[in-house]
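Please keep the sequence and the 3D view at hand while reading.

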Amino acid sequence: MDKILEGLVSSSHPLPLKRVIVRKVVESAEHWLDKAQCEAMFDLTTRLILEGQDPFQRQVGHQVLEAYARYHRPEFESFFNKTFVLGLLQQGYHSLDRKDVAILDYIHNGLKLIMSCPSVLDLFSLLQVEVLRMVCERPEPQLCARLSDLLTDFVQCIPKGKLSITFCQQLVRTIGHFQCQSTQEKELREYVSQVTKVSNLLQNIWKAEPSTLLPSLQEIFASISSTDAAFEPSVALASLVQHIPLQMITVLIRSLTTDPNVKDASMTQALCRMIDWLSWPLAQHVDTWVIALLKGLAAVQKFTILIDVTLLKIELVFNRLWFPLVRPGALAVLAHTLLSFQHSPEAFHLIVPHIVNLVHSLRSDGLPSSTAFLVQLTELIHCMMYHYSGFPDLYEPILEAIKDFPKPSEEKIKLILNQSAWTSQSNALASCLSRLSGKSETGKTGLINLGNTCYMNSVIQALFMATDFRRQVLSLNLNGCNSLMKKLQHLFAFLAHTQREAYAPRIFFEASRPPWFTPRSQQDCSEYLRFLLDRLHEEEKVLKVQSSHEPSESRGCTDASLQEVASQAAGLTEAPYASASEKTLIETMFGGKLRTHICCLNCRSTSQKVEAFTDLSLAFCPSSSVDNLSFQDTASSPSTQEAGPMGACVSGPSEESGVYDPATAAFVCDAAVNGRVAGSPPDKFCCTENASVPNESSKNFVNKDVPQKPGDETTPSVTDLLNYFLAPEILTGDNQYYCENCASLQNAEKTMQITEEPEYLILTLLRFSYDQKYHVRRKILDNVSLPLVLELPVKRTTSFSSLAESWSIDVDFTDISENLAKKLKPSGTEDDCCPKPVPYLLSSVVVHSGISSESGHYYSYARNITGTESSYQMCHHSETRALASSQGRLLESGSPSAVVEQDLENKEMSKEWFLFNDSRVTFTSFQSVQKITSRFPKDTAYVLLYRKQNSINGLSGNNSTSGLWVNGDPPLQKELMDAITKDNILYLQEQELNARARALQAASASCSFRPNGFDDNDPPGSCGPTGGGGGGGFNTVSRLVF
């Protein structure tokens, strides 16, 4: 029968005839044949299967072999023995190579035919060894796929025990050698199918024998981390990622990132190749593992690897967005990579040139999936342009391309950026390591205490959070200048863009510290603030004068030229009323004007003077004067008794021959108006009065022995203190006024009116009184209510000629303690118009923590607020009332403005408040600000910043709509951006070195860390070691606050 069949398949008979005869041969298989005939038939059909000239011959071989093996199973079992199969696998068949896929197909079919025979067990044992040998020879994808088919059907052929681990490792290596040379779609699809079969085999083995999984993964990492230039592992390894249980991410990433044997070069290679896997179609979870490894490296602070990989692969990842199959995973990796790369715009700017083309292409295809993808992409782009503003030439085409897509809110952008930064990654993967030193969840930067410098830190943070002032400072063009304003700009830029948790302002501290301030000693933050603003103001005046007299090519400033700022400014004369363009930045943002009016009660002659101020100091008045504050007209103020419990006390500075005495700085700086007359030298802290204090007894004191208000009275508010500050005052007794008209001392009435309001109103609460009995300064711990909204009465003048008059002669208006209760009577004259209330919103609060003036700590509460907040307009209706004016209109705490404040408070609660406590920055709420003194009696509000609202402020109109100020802040100059980028890289390197040092000790050292945050159950005030006090501590005798 074998001869007939052999002759038939090689004959030239028609194919239908051949099929009929073959069918007869198959039917004859059920007849008895001897062993020799069966063996001859098996040999012929094997030859037809393996060496058939055409598909018909191979098909005939399969049909006849299957039929005869079924009916003559013992004979086929004898034919298909170990020796025969081993020969096929090791030597091939005649001219057929042993690696030909036809041999594996033949063995696969043979096993099916003898599956029920006892001898199959011997074949399984043989194949367990042979398949391992074959895999070690790195078979081609096609052969490996056929082998996978065989092993999938006959799992008994898979090596067992330790050999199974070896087999899996070798199979991983084999996949790593796969390559597809063709670029044709058909061949590519076939290649992907073959790889998928092999990866599915590995998945089945991992499920059956879990002990093989980890060694296999180690082998994968060994392949992709190889630094051998002659070997490039195949992207086909990506097919294995989808089979790795996601539950193993934590354990695997921790193992990889903390293994000291894994070198940086190997990790870099591995991460780059994993990113390359994004191009593998149909592979799931590749992006998940890539992002997990990126986060793991950030958690152990291996920033060098992250920087290198990002810059190497960011463009490749972006290019993957063009391919729909891999687009979702590529976008996920792109978003994480860009959002975490926050120390420099370099990575984002690498892809900027390609964004517009991609957006236009995806918009043109009109597919819903493309539109949804573009929404996600534009959100990412807006986040990056917000973070790296200042490149309008790069961003304007992009803004035009994505203008029709929704833009995320600023709050959402900040949240995304804060959560994505490398320094924000949780270190749960390496619990034995210290807490990451990175920006807090607030996204704000702290200031390192350089040794009792909390007074400076609290003031700087309050100024930084004064949004419009910060933006103006950052927008100044100060190239080539080494002024104090340049140093402030540098500090503000670092606070905004550094990756550090806290920045050390050493250069600014040395430049801004008043000469009489002893280094490493605590100082008065209010005094420092006045000195700082004065220095900045006088310095800008000098520079303006210099620039107006020097040719443009020689303009600039150096340290040497600025050392004489104070002396030069003292000799300058300035018109009483400068135009807006002539004002300095300090005048523009903090400067206001106060008119003092004195009326002789004998002849009714008047004298008045207008002076500039940058802050107002509000004193606490003794309770003995409360009953005397009944001068208010009931028609204009229905709640007089509520309005007058507390008021502002005016205290004059000491001025002796124009020399500022540091020893008396604590007293002379407690001025009623602590701003200076324009043009005055910085050592003369001129106030609203040309005061003269010839001796100690003439200084202004608040006597501690004066009875205080009962404890159950309503807490006074800043409104009450401001009311008292503006209330009329009768000058009698030792404080009589010298009237030129009468040519003698006369009783007089003094009133003060604000004629020009500042953009930022600075209020200082005078909390330190002088105890005449014990000759010490004590702190007034009274709680003061802080209104969220404050209305400042401003009586703008229409004519400046009368306001520019000087006092006719020098007089002494020193206000001593006996005179505090003499503000009794209303003015005898009424102005033609009432003061106009100007609304202000609370921007920041500087708190002093301590029970005396000899020690303490400063910290500040602040929030971002601009001069155009709509919330005030929303809740500010017609029923509002002004603060007190000198003509008798006082704002009581129970007035409709209290309702306005309550409405505003409800709307403002959602706004972020921050607590700046040296290096620590945490979220807080306005309730915490209000309750700080009631919860911690020694922590009291000291300096307040209010921002004017509803103003048409040209300064704040610097065109975010034009695309120049993408995030509201101005673009940084290249010099500043380069400095910040350089420092950010240095910081990341420092963190990486520290992490490596800790990792070396991790095996023997156990450590824990305290979460970074402010516990509301503990007072935030601290200047000791844990508070960043620079080693001062509360026991340091020399730590005097004032």
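**Overall composition**

The model is predicted. The protein contains 37 helices and 18 strands. Of its 1042 residues, 55% are buried. The accessible surface amounts to about 43800 Å², and carbon and sulfur atoms account for 52% of that area. When contacts between residues at least 6 apart in sequence are considered, 79% join residues at least 24 apart.

**A covered helix**

Helix 33 spans residues 718–726 and is mostly covered, with 9 of its 9 residues buried. Among them are the residues D720 and N723 as well as V718, L721, L722, F725 and L726. T719 and Y724 are also on the list of buried residues in helix 33.

**Q194 in helix 11**

Helix 11 runs over residues 185–208 and includes Q194. Is Q194 buried or exposed? Its relative accessibility is 11%, so Q194 counts as buried, the cut-off for that class being under 20%. Apart from neighbours within four places in sequence, Q194 is in contact with P141, Q142 and A145.

**Salt bridges**

A search of the whole structure gives 31 salt bridges.

| Pair | N to O distance |
|---|---|
| E130 and R133 | 2.6 Å |
| K403 and E400 | 2.6 Å |
| E510 and R513 | 4.0 Å |

E130 and R133 both belong to helix 8, residues 120–136, where they are 3 residues apart, or about one turn of the helix. In general, an α-helix has 3.6 residues a turn, so residues three or four places apart point the same way. The burial of the two partners can be stated separately: E130 is buried because its relative accessible area is 4%, whereas R133, at 23% relative accessibility, counts as partly exposed.

For the pair K403 and E400, the side chains meet in a salt bridge. K403 has 53% relative accessibility and therefore counts as exposed. E400 has 46% and counts as partly exposed. In the bridge between E510 and R513, the closest N and O atoms are 4.0 Å apart. E510 is exposed, its relative accessible area being 52%.

Note on methods. Residues are numbered from 1 along each chain as its sequence is written. This is a predicted model: local features need pLDDT of at least 70, side-chain atom pairs count only at pLDDT 80 or more; totals for chains, interfaces and linings use all residues. Side-chain values use heavy atoms; hydrogens and water are left out. Buried means under 20% relative accessible area, exposed over 50%, partly exposed in between (1.4 Å probe, protein chains only). Helices (H or I, at least four residues) and strands (E, at least two) are DSSP runs, numbered from the N terminus. Contact means heavy atoms within 4.5 Å. Accessible areas come from the Shrake-Rupley method with a 1.4 Å probe; for residues, only the protein chains shown count as cover.
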